[in-house]
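This report is a first guide to the structure shown below. It takes up the annotated domains, the contact between the chains, and then selected sheets, helices and strands.

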Amino acid sequence: MTGSARPAGGAPVPSDERRHGFLELRDLRIHFPTDDGLVRSVDGLSFTLERGRTLGIVGESGSGKSVTSLGILGLHKDGRARISGEIWLDGEELVSASAEHVRTLRGKKMAMIFQDPLSAMHPYYTVGAQIIEAYRIHHQVSKAVARKHAVDLLGRVGIPQPDRRVDSYPHEFSGGMRQRAMIAMALSCDPELLIADEPTTALDVTVQAQILDLMRDLQQEFDSALIVITHDLGVVAELSDDILVMYGGKCVEYGTAEDIFDRPEHPYTWGLLGSMPRLDRERTERLLPIKGSPPSLINVPSGCAFHPRCGYEPRTGGLGSTEVPELAAADGGHDGGHLVRCHLPREERRAIWENEIKPTLESA
Amino acid sequence: MSESPEPLLSLTDVRKHFPITKGLIKRQVGAVKAVDGISFDVRRGETLGLVGESGCGKTTTGRLITRLIEPTDGRIMFEGRDITHMSQGDLRPLRRDMQMIFQDPYSSLNPRHTVGAIVGAPFRIQGVRTEHGTKKAVQEILELVGLNPEHYNRYPHEFSGGQRQRIGIARTLALKPKLIIADEPVSALDVSIQAQVVNLLEDLQNELDLTYVVIAHDLSVVRHISDRVAVMYLGKIVEIADRKDLYESPMHPYTTALLSAVPIPDVRRRAGRERIRLLGDVPSPINPPPACRFHTRCWKAQEVCRTVEPPLAELATGHRVACHFPENAPAGAVQDTSGTEVPA
């Protein structure tokens with residue numbers, strides 16, 4: 001399937017017979033034409049997310065995870081990106097919707113928590129003014145009511161003396177406070193889909209723990225769908241129900257958090273787990289890094305994008321470098337929930353995990 | 001402190017206060033007490049990890065050790081020589097022996113210099129002549145850190161983040177230093193690359209007999225590479241111990257809280273895990289809380305913590321901690337009188 005340019009149509013496309021999930025991506029492709037070639041940031045991504053569930057998207061820099069989130073929010077619409085595929089949000093198709101229509105959904109229907117609150121907030125306006133602005137766009141209320149709402153929200157996310165801090169500027173907040181204010185801003189219109197892009201990467205561990213707790217509580221309270229994008233497997237394990245591992249713009253493994261941590265089947269997922277020193281296990285003598293570095297998205301390796309770094313590529317009989325593997329049900333997958341994109345036969349993957357990988361991760 | 005041989009580096013009650021000035025005549029109105037009285041030794045061949053949250057003074061400590069900045073007070077000894085107030089000129093020959101690895105491989109390499117010029121700079125600056133010329137020496141070092149020696153004439157932008165960090169490490173190693181201060185050496189790198197660099201640092205240590213001081217905020221990485229670990233809070237060392245002791249039986253409540261805050265990649269344990277939640281943020285180092293600096297966030301704090309500063313006392317062999325009510329303390333060391341509740 002080749003990417004067609006974004007249609008300019010405005011009205012939501014009527015949904016077909018099949019019922020869509022609350023958020024459903026179907027074969028989403030986001031490509032950027034550049035002077036050096038076509039950057040395939042997202043290349044055929046599909047997943048479904050229901051309300052009240054949390055999806056963790058894991059991947060290294062350049063794996064396409066942030067581009068996906070910006071794509072869902074429609075923030076590539078006025079750029080040069082070539083977007084194809086479908087994004088269904090609560091029965092509406094967003095790829096073919098007009099930029100103007102998607103703009104009205106942002107804030108109220110879906111919102112985003114950015115990584116760096118200092119650059120995501122406007123330094124010239126008070127924190128309160130920025131929350132009030134978003135709220136008044138979506139609600140016909142007076143300034144006083146909106147201000148009251150902003151104070152309530154700041155209190156809700158744990159900012160002390162919210163009635164005073166509402167008039168502070170972003171630079172007057174500490175890092176953790178600023179991230180809380182960002183979360184308050186994202187929540188101001190009670191969005192049904194919340195996307196958090198590296199929400200705690202810039203924070204210290206003790207503050208990170210506070211923010212993770214807060215996000216978990218708020219999600220339960222608002223029953224929203226949450227997407228957490230991060231490179232930190234610890235953060236993902238804390239928050240996610242389901243996990244999607246991205247590599248080179250594609251999903252290489254998808255499953256419940258238990259699937260990914262207890263019976264991962266993709267060599268890249270094994271590599272991520274082996275690269276990470278862990279506090280909850282005996283200290284291992286050596287980390288088990290993945291060789292090489294993440295691919296350039298202009299020159300994605302042929303066949304399986306991971307094959308140049310994969311230690312098991314020789315066992316695929318040459319398929320690894322020639323053919324792109326399908327995303328297929330994994331061995332231990334219950335009702336097809338656990339998906340893996342790998343050429344290795346199922347039994348072999350399972351055996352490698354049980355006999356070769358798992359013991360090295362668990363023992364010293 | 002009962003060290004057998006002479007330590008490579010020794011800090012005694014070192015302080016660094018950055019003055020805050022105001023007005024036309026730059027009258028001093030206060031000071032940022034970035035480092036406020038720390039003492040520790042670094043032994044030859046070991047790796048000392050320095051952890052703490054942002055603003056605790058760990059980076060300032062690193063810069064004091066390498067004398068990129070001059071301490072306000074205290075004494076720094078390197079190989080038995082007092083370098084506390086040494087002039088830049090006198091320090092230059094010493095710089096061969098202590099080098100620094102920086103956090104950001106993008107801003108710590110000059111984009112207009114080739115790899116050969118970057119890694120060769122120490123030879124030029126120190127006036128070192130090698131047997132087969134600088135180029136040969138540089139290429140050997142590039143090979144040592146896992147880079148292709150043919151990349152001698154390339155520029156930093158042609159390399160990935162992990163490779164750039166290797167270039168930085170190659171520059172550090174050029175003159176075979178004795179002590180390397182690594183300030184967040186892997187935090188800017190991707191997970192899979194982090195592991196490569198951590199392994200490289202360990203290999204180099206074994207091969208070249210290096211001593212490391214590793215400054216990092218990631219407690220898992222620090223546990224992996226350190227022999228001993230010092231925990232800093234608001235310009236003070238609150239606990240210093242061997243790796244195993246510190247991670248398995250931390251004594252300072254702050255260390256306990258830090259360890260319990262690290263997210264664990266284990267889904268089954270996320271429900272049952274008991275967490276210590278610290279409230280609020282680290283107070284400002286301009287006006288740190290009196291006595292024990294941690295008392296504003298500590299669940300064990302009593303009256304004495306607000307009035308008397310706890311000394312950094314050795315409660316078990318090689319395990320020093322500054323707390324009135326330490327946890328996991330051996331019986332008889334300090335009486336734990338707290339019956340206060342742990343916040344949920």
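A residue is called buried if 20 or more other C-beta atoms lie within 10 Å of its own, exposed if 12 or fewer do, and partly exposed in between. The model described here is predicted.

## Annotated domains

For chain A, the unreviewed entry places "domain: ABC transporter" on residues 23-273. This span of chain A is 40% helix and 27% strand, and its end C-alpha atoms lie 28 Å apart.

For chain B, the annotation "domain: ABC transporter", again from an unreviewed entry, covers residues 9-259. Here the chain is 36% helix and 28% strand, with 28 Å between the end C-alpha atoms.

## Contact between the chains

Chain A contributes 38 residues to the contact and chain B contributes 34 residues. On the side of chain A that touches chain B, at least two residues come from each of helix 8 (205-222), helix 9 (233-239), helix 10 (257-262) and helix 11 (267-275). Helix 8 of chain A gives the most, with 7 residues. Sorted by class, this side of chain A has 18 nonpolar, 11 polar and 9 charged residues.

## The open sheet of chain A

Chain A has an open sheet of 4 strands in the order 2-1-4-5, paired antiparallel. Strand 2 (37-49) and strand 5 (92-93) of chain A are the edge strands, and each pairs on one side only. Between strand 1 (residues 23-34) and strand 2 of chain A there are 10 bridges, in the antiparallel sense. Within this pairing, A:Leu25 stands opposite A:Phe47 of strand 2.

Helix 1 (residues 65-72) of chain A packs on the sheet and touches strand 1, strand 2 and strand 4 (82-89) of chain A. The direction of helix 1 makes about 70° with that of strand 2 of chain A.

## The open sheet of chain B

In chain B, 4 strands form an open sheet with antiparallel pairing, in the order 2-1-4-5. Strand 2 (27-42) and strand 5 (81-82) of chain B are at the edges with a single partner strand each, so one side of each has no neighbour in the sheet. Strand 5 of chain B pairs with strand 4 (residues 73-78) of chain B over 2 bridges, in the antiparallel sense. The bridge partner of B:Met77 in strand 5 is B:Asp82.

Helix 1 (residues 58-65) of chain B lies across strand 1 (9-22), strand 2 and strand 4 of chain B, at about 75° to strand 2. Of the 8 residues of helix 1 of chain B, 6 are buried, so the helix is largely enclosed by the rest of the structure. The buried residues are B:Lys58, B:Thr60, B:Thr61, B:Gly62, B:Leu64 and B:Ile65. Just after this helix, B:Arg67 has a positive phi of about 60°.

## Strand 7 of chain A

How many residues of strand 7 (residues 193-197) of chain A are buried? The count is 5 of the 5, so this strand is largely enclosed by the rest of the structure. Both of its faces are covered: A:Leu193, A:Ile195 and A:Asp197 are buried on one side, and A:Leu194 and A:Ala196 on the other.

Strand 7 of chain A runs parallel to strand 6 (residues 110-113) of chain A, joined by 4 bridges. In this pair, A:Met112 has A:Ile195 as its bridge partner. Strand 7 of chain A also runs parallel to strand 8 (residues 225-230) of chain A, joined by 5 bridges. There, A:Asp197 stands opposite A:Ile229.

## Helix 6 of chain B

Helix 6 (residues 191-208) of chain B has 18 residues, which at 1.5 Å a residue should span 26 Å; its end C-alpha atoms are 26 Å apart, which agrees. The buried residues in helix 6 of chain B include B:Val191, B:Ile193, B:Ala195, B:Val198 and B:Leu201. The buried residues of this helix pack against helix 11 of chain A, and against helix 5 (161-173) and helix 7 (219-225) of chain B. Just after helix 6 of chain B, B:Asp209 takes a positive phi of about 60°.

B:Gln205 also belongs to helix 6 of chain B. B:Gln205 has 17 other C-beta atoms within 10 Å, which means that this residue is partly exposed. Leaving aside neighbours within four places in sequence, B:Gln205 is in contact with B:Thr47, B:Leu210 and B:Tyr212. B:Gln205 and B:Gly45 are 160 residues apart in sequence, while their C-alpha atoms are 7.7 Å apart in space.

Technical notes:
Residues numbered from 1 in each chain as written. Chains lettered and ligands numbered in written order. Predicted model: local features only at pLDDT ≥ 70, side-chain atom pairs only at ≥ 80, totals over all residues. UniProt positions renumbered as here; feature names shortened; annotations may be inferred. Contact = placed C-beta atoms within 7 Å. Nonpolar A, V, L, I, M, F, W, Y, C, P; charged D, E, K, R; others polar. Pairing = 2+ DSSP bridges. Axes fitted to C-alpha atoms, helices over the stretch in contact; angles between N-to-C directions. Expected span 1.5 Å × (residues − 1).
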